[in-house]
Amino acid sequence: MPVIAHVSDIHIDTGADDAGRSIGRTRAVMDHLNGLPYDLDAVVVTGDIADHGTPAEYAAARELLASRHPLLICPGNHDERTAFRAHLLGETPAPGPVNQSYVTDDFTLALCDTSVPGAHHGRLDDETLDWLSALLDGTPSDRPVLIAFHHPPVPLHTPYIDGIRQRDEHRLAALTARHPNVTAFLAGHAHTPAATTFANRPLLVAPGVVSTLRLPWEPQTDPSHHVHRDLPPALAFHVLDEEARLTTHFRTVPLPLPTRPPGL
Ligand SMILES: [Fe+2]
Ligand SMILES: [Fe+2]
């Protein structure tokens with residue numbers, strides 16, 4: 001039965017004072033996945049890979065994301081398409097949307113680029129919708145399709161994220177209405193584990209590895225601090241059963257205890 005790990009928002013930042021933070025959290029998550037006694041069908045990383053989209057951040061991310069399971073990565077609003085292609089995927093640099101598909105005997109996974117260069121909200125380019133339409137048209141109608149991207153296309157009732165969510169989503173809804181085998185949508189960006197619906201299908205949002213969104217009804221120590229930085233990194237496992245039903249489990253991953261300096 002296919003099991004897909006869903007990781008998001010690692011925000012590798014090699015220049016920050018606390019650079020070890022994004023690196024240590026990502027390493028803990030990937031060590032957890034690489035140490036599992038089960039071969040996963042895929043590990044999907046839904047964007048915000050490099051905090052500033054620099055070649056150095058992508059080089060670090062590429063090393064950190066080394067996976068013994070099939071690994072698929074799409075960009076988010078913190079990513080830069082040309083550097084993402086060149087330094088993370090090892091492909092020819094190009095500024096167009098980074099769209100990828102992964103086809104197995106059991107399912108098809110479509111990774112769509114919702115990034116908008118220079119902006120934090122999301123939108124699917126016409127080129128991406130055309131690409132997805134052709135992929136869906138060429139997929140057997142009985143094969144489940146999972147569509148993954150960075151920006152959730154619906155409000156999650158958290159004002160900060162809702163203001164930079166995926167826009168013009170009616171185009172994607174119209175496309176998927178013609179394809180009942182689209183089983184679910186997978187997203188990131190919100191840095192919180194969440195489950196909702198879009199276009200009458202489940203929409204599962206992976207937690208953020210680097211931080212966790214502070215919900216409006218949680219204590220706000222400072223209105224400019226949108227996230228908790230002390231909660232552990234987390235991820236989702238999606239199980240796709242024979243009836244094409246998706247079951248999602250959310251998991252936190254313990255961080256290694258800091259080593260105590262000698263003499264303390
Ligand atoms: Fe993010
Ligand atoms: Fe994001």
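Me: Which residue in E2 stands opposite Ala5?
Reply: Val43 does. The model is predicted, with pLDDT of at least 70 needed for local features and 80 or more for side-chain atom pairs, while totals for chains, interfaces and linings use all residues. Residues are numbered from 1 along each chain as its sequence is written, and side-chain values use heavy atoms, without hydrogens and water.

Me: How many bridges join E1 to E2?
Reply: Four, and E1 (residues 3–7) and E2 run parallel. Strands pair if DSSP finds at least two bridges between them; strands (E, at least two residues) and helices (H or I, at least four) are DSSP runs numbered from the N terminus.

Me: And what about E3?
Reply: Four bridges join E2 to E3 (residues 71–74), also running parallel. Val44 stands opposite Leu72 there.

Me: Is E2 buried or exposed?
Reply: Five of the five residues in E2 (residues 42–46) are buried, so the strand is largely enclosed by the rest of the structure. Buried means under 20% relative accessible area (1.4 Å probe, protein chains only). Ala42, Val44 and Thr46 cover one side, Val43 and Val45 the other.

Me: Changing topic: how do H4 and H6 lie to each other?
Reply: The axes of H4 (residues 126–137) and H6 (residues 170–177) come within 11 Å and cross at roughly 10°. They are therefore roughly parallel, which is the term for angles under 35 degrees. Axes are lines fitted to C-alpha atoms over the stretch in contact, with angles from 0 to 180 degrees between N-to-C directions.

Me: Which H6 residues meet H4?
Reply: Arg171, Leu172 and Leu175, where contact means heavy atoms within 4.5 Å.

Notes: Chains lettered and ligands numbered in written order. Parallel < 35°, antiparallel > 145°, perpendicular 65-115°, else oblique. Buried < 20%, exposed > 50% of the residue type's maximum accessible area, 1.4 Å probe, protein only.
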